[in-house]
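Me: I have a structure open on my screen and would like to learn how to read it. Could you walk me through some features, one at a time?

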Number of protein chains: 2
Amino acid sequence: MVTMKDVAEHAGVSIATVSFVVNDTKPVTPATRARIEAAMVELGYRRNAVARALASRRTRILALVYPVFERPLNTSSVEFFTSAAAAASARGYHLVIWPVSNDGRELGELLGQRLVDGVLLMEVQLDDSRVQVLERSGTPFALIGRTREPDRYRYVDIDFEATVAGAVDHLAALGHQHLTLVLGSGVDHGDRDYGPFARTRAAFDALLPERTLTGRTIEVNQTEDATALADRIVASHPAATGILVLNDHTALRLVAGLRRTGRKVPGDISVMGLLAAAESGMVCDPPLTLMRAPGPELGRLGADALIRDLEKDEPLPPRLVPCAFEPGQSTAPRRSS
Amino acid sequence: MVTMKDVAEHAGVSIATVSFVVNDTKPVTPATRARIEAAMVELGYRRNAVARALASRRTRILALVYPVFERPLNTSSVEFFTSAAAAASARGYHLVIWPVSNDGRELGELLGQRLVDGVLLMEVQLDDSRVQVLERSGTPFALIGRTREPDRYRYVDIDFEATVAGAVDHLAALGHQHLTLVLGSGVDHGDRDYGPFARTRAAFDALLPERTLTGRTIEVNQTEDATALADRIVASHPAATGILVLNDHTALRLVAGLRRTGRKVPGDISVMGLLAAAESGMVCDPPLTLMRAPGPELGRLGADALIRDLEKDEPLPPRLVPCAFEPGQSTAPRRSS
């Protein structure tokens, strides 16, 4: 296997000059070029045209890496993607959704193809093997979410502390003292390590003693029937009159299930969505009170963080964006008993 | 500008042989290679490495082209994508969602980059400028949906006639004689030309006289408040006791709006979702009776149709897949008045 170094020595030029000729990246005098090409012929050096071409090439394609097989895209992720794609487009980049499993191997193969200039990584876990793969690849990337050591990487994320505080304080102001936090996706795909669940739970556990409220957390899966879901959530903490639900689909199923089992929302139990899409509130009856996931703002900030890196602009400090309170009719003052 | 033809003449070989050397596509004897490389040096022939590399290269990337800025990805599209990506992955291809506007220009730019081996086009319109762009590009493609002249292209689509018949016959069997068809997305982005709406409306208009039923069609937009939506739909055809709704989000809003305005579902009015996702039925109260969009099957068939083309396999005949009836509790016998 003849290398560029062999060609450079044979032609009496630097490796850089050989590389300029091989990759067509800088003009070289005709005489030098001829000497290098002759050395290449003599030594039998073969360009690997594809690899060389791609190594020096920018595609202006950015990949939003998302584990679609493990976690279906929901309304908030779609909002995020649409907004990030619009922000990228305004700066001349094209953002595509790249389905890659949580396992880092597949991501490594993708990066090896050199088809994308940069990566936005979604659904980040506290210990995420994909982040190491990205780091080793040298491909610029930004995280939507945080690992256990967030400050090592560029990221934007939701401000879970502020979001949980907004929801808890809304319910507390209505007189609710016993709360349940529902994490809506089970632990089937390593969700304990999934940043949004871990941070929401931690924020909830830290806040309740401060507010002298009591709370419990329950994890549920995405497929349980609405009635069974409602019964199980109520049974897990019968004193609770306020329920916070992380995940729109679960919140809607819970409200439907509570009604079917004869419990009034909000008369008996107040329900709030956390990190929910506004349109989920609209399809709920009663309209769901929620902390609205900042998909559009996160999308824009995430695309900016990545593109600043690609273009060697100064990085902006990491941003945490709180969910905004969106009033609905699924919460009401606690009924005095 | 020195061409391959000049090099071939100068070296006394065929253009094909020059191309083998330039593109590294076939082995050439060392002597011939040396003669060609010498001719290239003498004439100053410069490889355009990137263009050459990409022209001969297969990326095994397939693009699902979707106008995300004009039509948000909904649950059924996500199901479709996930299933198509899984089918592609099983055959060694990688399917990504490529957001491209309905305007064909942007698609042309994408195809010009030669980064994708093939395209699945979604949200097809009856007259779709993107189809012409695909045809001219020479890139293999398959349509999820049909243009006005379907048989010119490879496609898979929903069987709208069978789907509408399934829903209408279910309601007719329950005694409903006056029906309303709600098309859930307004005409703001040229939806009159959007295949699913046009074909559903045509199937509905053709079927009702055959069944001696009466029906009206109404178009609504995605943002109207649930209460106003319900009032407007009822007012458009006050005699209707059965309503078919194309689009999950609109169906859920309508059921919520009917209840808020004092109408019982299904006591007063039966509601059915058309081309709906099963999970939309679950979050509705009462659970929505629906014709389930065959996203997973269409995804698999769509990926197959495209990959058969890429691999020069015999094309399969175009497939129309009906929506399956999914029982719920939002339909009931018409109340005798």
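Me: Let me start with a pair of strands. Which residue stands opposite B:Leu290 in E12(B)?

Reply: B:Leu290 stands opposite B:Glu326. Helices (H or I, at least four residues) and strands (E, at least two) are DSSP runs, numbered from the N terminus, and two strands pair if DSSP finds at least two bridges between them. Here, strand E10 (residues 289-292) of chain B and E12(B) run antiparallel and are joined by three bridges.

Me: Before we go on, what should I know about the model and its numbering?

Reply: This is a predicted model, where local features need pLDDT of at least 70 and side-chain atom pairs count only at pLDDT 80 or more, while totals for chains, interfaces and linings use all residues. Residues are numbered from 1 along each chain as its sequence is written, chains are lettered from A and ligands numbered from 1 in the order in which they are written, and side-chain values use heavy atoms, with hydrogens and water left out.

Me: In what order do the six strands of the open sheet in chain B lie?

Reply: The order is E7-E6-E8-E9-E10-E12, with mixed pairing. Strand E7 (214-219) and strand E12 (324-326) of chain B each have a single partner strand, so one side of each is left without a neighbour in the sheet. From one strand to the next, the twist averages 20 degrees. Such angles run from 0 to 180 degrees between N-to-C directions, the axes being lines fitted to C-alpha atoms, for helices over the stretch in contact.

Me: And which strands does helix H10 of chain B lie across?

Reply: Helix H10 (residues 226-236) lies across strand E6 (178-183), E7 and strand E8 (242-246) of chain B, at about 145 degrees to E7(B). Contact here means heavy atoms within 4.5 Å.

Me: Now chain A: in which sense do strands E8 and E9 pair?

Reply: Strand E8 (residues 242-246) and strand E9 (residues 270-276) of chain A pair in the parallel sense, over five bridges. One bridge partner to look for is A:Ser270, across from A:Gly242. Helix H11 (residues 248-260) of chain A packs on the sheet and touches strand E6 (178-183), E8 and E9 of chain A, its direction making about 165 degrees with that of E9(A).

Me: How many residues does each chain give to the contact between them?

Reply: Chain A gives 48 residues and chain B gives 48 residues. Buried area is the accessible area (1.4 Å probe) that two parts lose on being put together, summed over both. Between chain A and chain B it is about 4400 Å², 63% of which comes from carbon and sulfur atoms.

Me: How many salt bridges are there between chain A and chain B?

Reply: Side chains of opposite charge can pair when their charged atoms come close. The cut-off is a side-chain nitrogen of Lys or Arg within 4 Å of a carboxyl oxygen of Asp or Glu. The count between the two chains is four. B:Asp285 and A:Arg260 meet in a salt bridge, at 3.5 Å from N to O. Within chain A, A:Arg335 forms a salt bridge with A:Asp268, with the closest N and O atoms 2.2 Å apart.

Me: Last one: is the peptide bond from B:Asp285 to B:Pro286 cis or trans?

Reply: That bond is cis, with omega near 0 degrees. You will find B:Pro286 in the loop between helix H12 (278-283) and E10 of chain B. In chain A, the peptide bond from A:Asp285 to A:Pro286 is cis, with omega near 0 degrees.
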